[in-house]
Amino acid sequence: MALLVERNTTGAAHSSPVTVAPQLDELLSSWLHRLAYANGVAPRSFARVLGLNPGMWSAALDLRLPADIGTLLYAKTGVAPDQLAAMTVSQDLPKQLLLPLRNNGHRDSSSWLQFCCRCLAEDAQPYFRRRWRLATRVSCTEHGCRLRDRCPSCLDRITVFDQGELVPQHYCVACGYDLRRAPIPYLSPATRTLDRCIDDICSLEAIARSPSGPVLIRRLLSIPRFAGGYYSTMLLANLSAGARAYSAELLNCPSECQEDNTTDDEKDCRERRLHG
Ligand SMILES: [Zn+2]
Ligand SMILES: [Zn+2]
């Protein structure tokens, strides 16, 4: 953590790096981005501080935190190793249901992270939740609104790990849009209920250990096939938040689903262009 040490030695005598407290269900990468910001370091540069290559460095740490980095973070922030490990997704979330670490691809393809704009707007320190990494999640437990996985202004994915400027993580890296202001996409009450049921199933530790766990996981990944329609040949984890919500709506109430496959994000973007 050379940069933090440098800041220390050049700053006030015996000052410590600024630390930030992990928040409820916070993803390790989200905490690291906040830690970087609090110490006056942009996330892209913070990768170097930790001795890591750029790219999706923080998202990779969510999957596995090497012991030496855990030790370094503990020494510099006082956040205990078990607390750091609890922020990763390796603990209790079925890894087959995690969104893959993808940062490019077609508009309908998945992104590694989703968010609820209302959660971000209500947070004193906006942060990303561990559960937003699950492909089976399409709505927010707290607000019931549909999750997003792209900036509604430029349609880019969440790329805070690549942020070169010193700005909080709720601003789009590509265009600077404040993600807290994103319009809330529609999701039917029936699909919200289905989403909650699926989340309850995935919360059970049994899914990872029971003999029926792998079958259940395969079925969940096949939701687009059961739903039919445009995405029926795709696996759930490979689809964007909009496409997964479309499949869930189709599963619930096929007659209400429109033929229009335009995603909510594209509609938002079009509206924005039309109305300035
Ligand atoms: Zn929310
Ligand atoms: Zn943007």
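## A loop residue to begin with

Asp 25 sits in the loop between α1 (2-10) and α2. The model you are looking at is a predicted one, so every value here is computed from it. With 15 other C-beta atoms within 10 Å, Asp 25 counts as partly exposed, because that label covers the range between 12 or fewer (exposed) and 20 or more (buried).

Which residues does Asp 25 contact, once its neighbours within four places in sequence are left aside? They are Arg 129, Arg 130 and Arg 131. Look also for Trp 132: Asp 25 and Trp 132 are 107 residues apart in sequence, and their C-alpha atoms are 9.9 Å apart in space.

## Two residues with positive phi

Asp 25 has something else to show you: its phi is positive, at about 60 degrees, although Asp 25 is not a glycine. Leu 155 is not a glycine either, and it has a positive phi of about 65 degrees.

You can find Leu 155 in the loop between α7 and α8. Leu 155 is partly exposed, with 16 C-beta neighbours inside 10 Å.

## The whole protein

The protein has 276 residues, and 37% of them are buried. Take the contacts with a separation of 6 or more: 64% of these involve residues 24 or more positions apart.

## The largest nonpolar core

The largest nonpolar core holds 55 residues. Within this core, the residues that touch the most other members are Leu 28, Leu 32, Leu 113, Phe 115 and Leu 147. Several helices each supply at least two residues of the core, including α2 (28-38), α4 (57-63), α7 (117-122) and α12 (241-252). The core also draws on both domains, with at least three residues from domain 1 (2-86) and at least three from domain 2 (95-276).

Setting aside neighbours within four places in sequence, Leu 28 is in contact with Leu 61, Asp 62, Leu 65, Leu 84, Met 87 and Thr 88.

Pro 43 lies in helix α3. Is Pro 43 buried or exposed? Pro 43 has 27 other C-beta atoms within 10 Å, so it is buried, the cut-off being 20 or more.

Beyond its neighbours within four places in sequence, Pro 43 is in contact with His 33, Ala 36, Ser 58, Val 160, Phe 161 and Gln 163. For Ser 58, the distance to Pro 43 is 8.8 Å from C-alpha to C-alpha, while the two are 15 residues apart in sequence.

## The two sides of α8

Helix α8 covers residues 189-203, which is 15 residues. At 1.5 Å a residue, α8 should span 21 Å. Remember that the expected span uses one less than the number of residues, because it runs from the first to the last.

Which residues of α8 are buried? They are Thr 191, Arg 192, Asp 195 and Cys 202. These four cover an arc of only 105 degrees around the axis, so they are on the same side of α8. On the other side of α8, Pro 189, Cys 197 and Asp 200 are exposed.

Terms used
Residues numbered from 1 in each chain as written. Chains lettered and ligands numbered in written order. Predicted model: local features only at pLDDT ≥ 70, side-chain atom pairs only at ≥ 80, totals over all residues. Core = buried A, V, L, I, M, F, W, Y, C linked by C-beta atoms within 7 Å. Domains from an automatic or database assignment. Contact = placed C-beta atoms within 7 Å. Arc of directions from axis to C-beta.
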